[in-house]
Amino acid sequence: MNTRYSDKRSLPVRVLSLLGKILILGTASIFTAFPFIWMIISSLKTKAEILNTDIFLPTSPQWSNITGIIFNSPIPKYIFNSAWVSLVIVALQIVTGAMLAYALVFLKFRTNKLLFTIVMGTYMLPVAATYIPSYIILADWHMLDSFRGLIISSTVSIFGIFLLRQGFMQIPKGLVEAARMDGASHWRALWEIVCPMTKSSFITFGLMNFISTYNNYMWPSLITKTSDYFLVSQGLRAFFIRDGAYGTEWALVMAASAVVVVPLLVLFAFTQKWFINGIGGETGIKG
Amino acid sequence: MAEIILKNITKEYENGFQAVKNINLEIKDNEFVILVGPSGCGKSTTLRMIAGLEDISEGDLYLDGNRINDVPPQNRDIAMVFQNYALYPHMTVYQNIAYSLKIKKVPKDEIDRRVKEVAASLGLTELLDRRPGQLSGGQKQRVAMGRAIIRHPKAFLMDEPLSNLDAKLRGQMRVEIADLYQRLNTTFIYVTHDQTEAMTLGTKIVVMKDGEIQQTDSPTNLFNYPVNKFVAGFIGTPAMNFFDAECTEEDGMVVLRTADGMIPLPEEKAAKLKEGGWLGKTVSAGIRPEHVRLCTEAEAAFKGTVSVFELLGSNAIIYVQCGDQRIIMNTDETDRQEHGSEVCLKPLAEKLHIFDPETERTITN
């Protein structure tokens with residue numbers, strides 16, 4: 001028996017419905033993608049072309065804008081800073097987040113629920129409210145204007161704890177108990193049993209936090225002032241206003257912005273399956 | 001091989017509920033102990049406390065003379081087979097079985113040798129490269145057992161390991177577990193609510209109810225000499241028939257008077273009832289279905305109509321409605337009875353169990 005869903009609506013209704021969907025989604029996609037496309041196109045224009053609103057495409061692509069950014073600007077250094085600082089931060093956040101999520105899900109202790117409530121409570125705090133105390137702590141530890149300060153202040157991600165906890169809750173407790181009976185410590189059970197079964201939660205968490213740390217502007221700009229420690233967003237701003245040339249080198253600024261996004265696009269291209277799965281709540285584990 | 005002693009063990013949860021109440025149990029080397037009882041009786045909690053997966057609220061747990069209340073499960077050297085098998089889905093059968101040895105850092109060739117040996121003994125050789133998701137229930141169960149066996153642990157704990165299998169496979173696996181016990185010659189503690197498993201596998205059975213141990217004994221003793229009505233009713237299929245009867249003395253003989261007749265008691269039981277001052281009082285009596293016989297009207301203790309006749313092959317179960325009381329009889333297939341036919345029944349007096357109706361404890365055993 002054919003059990004496939006069949007659309008019983010008439011042909012014109014179906015065509016109209018399809019056209020409607022295409023129109024709505026197409027418009028939304030254009031609005032979303034246009035700034036990005038505009039940035040890429042502008043990065044290949046001359047300064048004069050950028051300011052001339054009558055010209056959309058460059059008359060002759062200025063590839064030198066891109067090569068200039070890659071070879072003759074500090075932007076690659078900022079990309080490198082952002083990339084490795086984000087990697088270290090995400091690695092630490094995964095370890096701390098996984099440990100706390102494991103404790104919340106698999107360990108029995110009296111204050112388990114209270115602990116989770118407190119942890120989630122801190123998620124409700126506006127990030128800006130934590131800037132001053134965090135700044136003072138880093139200052140006391142002499143970690144301002146350093147990579148160490150940037151990393152230490154982002155060691156724990158509440159979002160990550162929440163995401164991993166939700167993933168861990170899909171795993172039957174018996175599996176962790178079986179591992180414990182097999183002689184595994186909690187540490188081993190976490191990394192050898194729980195982690196492989198919640199791979200998609202880990203990857204989603206890693207990617208999302210990598211992207212947000214990579215792009216982070218406000219906090220790094222508060223605690224770092226030496227350009228050696230700039231991350232990309234800060235670096236872009238510095239590049240934009242360098243030599244007091246506010247808004248004079250639009251083509252280069254656009255080229256720099258385009259170059260900065262490339263690593264994230266490459267990352268997304270390789271991991272989009274996991275990324276979308278993780279956000280959609282699919283953990284890859286069957287109940 | 002291990003000797004396990006539970007001394008005044010209690011498990012109380014945060015909300016004050018006591019799952020296990022002050023139990024004492026001694027499990028000797030090489031014993032196959034079955035914890036049996038209805039759902040919620042505390043049998044699994046007891047097993048999990050022995051495993052170290054549940055904290056012990058009060059009391060002491062000893063393994064080979066050492067108090068292990070605070071020893072984490074991974075250091076107890078006890079293996080456990082779980083009800084839902086708890087196989088690691090991302091590992092192959094080989095990796096599942098080898099995992100405990102890998103943790104112990106056993107050399108790879110030794111692991112390989114032992115995994116293959118265990119796999120061969122459980123008929124898993126062909127399945128070593130498969131993942132648990134590709135196995136049937138019975139195969140998963142074997143892998144779970146293989147994972148436990150390979151460690152040569154001091155004791156095996158099994159938490160209702162057959163309850164997820166169909167009836168035929170359950171019977172087959174039961175035989176395999178019995179065979180395993182003979183081969184491994186070590187201590188087994190097995191939780192089940194299935195009294196057939198309990199009776200066929202155990203060398204010692206612990207019957208539990210509401211967190212308390214009702215009776216600890218050999219399967220035969222438990223069947224023949226239950227200490228109370230609960231144990232008598234729980235052990236045996238179909239369950240024991242219970243009825244109230246008045247204990248009187250007639251013509252110098254102690255008898256139990258039922259609604260439809262009387263049952264003359266053998267001397268030993270009569271003496272115990274007399275000693276206990278039960279003459280003239282109502283007692284609660286029990287008789288197993290296999291100890292009920294069809295009889296003439298003159299001998300009858302119960303008269304009633306056949307409500308159901310179940311032919312099970314070589315034997316048959318007859319359900320007889322005697323007024324408000326239903327008496328079940330387990331007999332051989334030649335005693336065929338039609339639905340609605342009138343029958344007279346008598347219990348074998350020497351097989352009667354007599355209980356105090358208040359305390360439900362046995363009077364005659």
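This is a predicted model: local features need pLDDT of at least 70, side-chain atom pairs count only at pLDDT 80 or more; totals for chains, interfaces and linings use all residues.
A:Ser233 lies in helix H13 of chain A, residues 232-241; helices (H or I, at least four residues) and strands (E, at least two) are DSSP runs numbered from the N terminus. A:Ser233 is buried, with a relative accessible area of 18%. Buried stands for under 20% relative accessible area, exposed for over 50%, and partly exposed for values in between (1.4 Å probe, protein chains only).

Now show what surrounds A:Ser233. Neighbours within four places in sequence aside, A:Ser233 is in contact (heavy atoms within 4.5 Å) with A:Tyr214, A:Asn215, A:Asn216 and A:Tyr217.

Before moving on, note how the model is described. Residues are numbered from 1 along each chain as its sequence is written, and chains are lettered from A and ligands numbered from 1 in the order in which they are written. Local features need pLDDT of at least 70, side-chain atom pairs count only at pLDDT 80 or more, and totals for chains, interfaces and linings use all residues, while side-chain values use heavy atoms, with hydrogens and water left out.

Next, select chain B. Chain B has nine helices and 20 strands. Its C-alpha atoms fill a box of roughly 80 × 45 × 35 Å along the principal axes. Of the 365 residues in chain B, 52% are buried. Take the contacts in chain B between residues at least 6 apart in sequence: 66% of them join residues at least 24 apart.

Within chain B, select helix H1, residues 43-51.

Which side chain does B:Arg48 meet in a salt bridge? The partner is A:Glu177, at 2.6 Å, N to O. A salt bridge is a side-chain nitrogen of Lys or Arg within 4 Å of a carboxyl oxygen of Asp or Glu. Between chain B and chain A there are three salt bridges.

Last, select the whole interface. Here 24 residues of chain B are in contact with 18 residues of chain A. The two chains bury about 1,900 Å² between them, with 56% of it on carbon and sulfur atoms. Buried area is the accessible area (1.4 Å probe) that two parts lose on being put together, summed over both.
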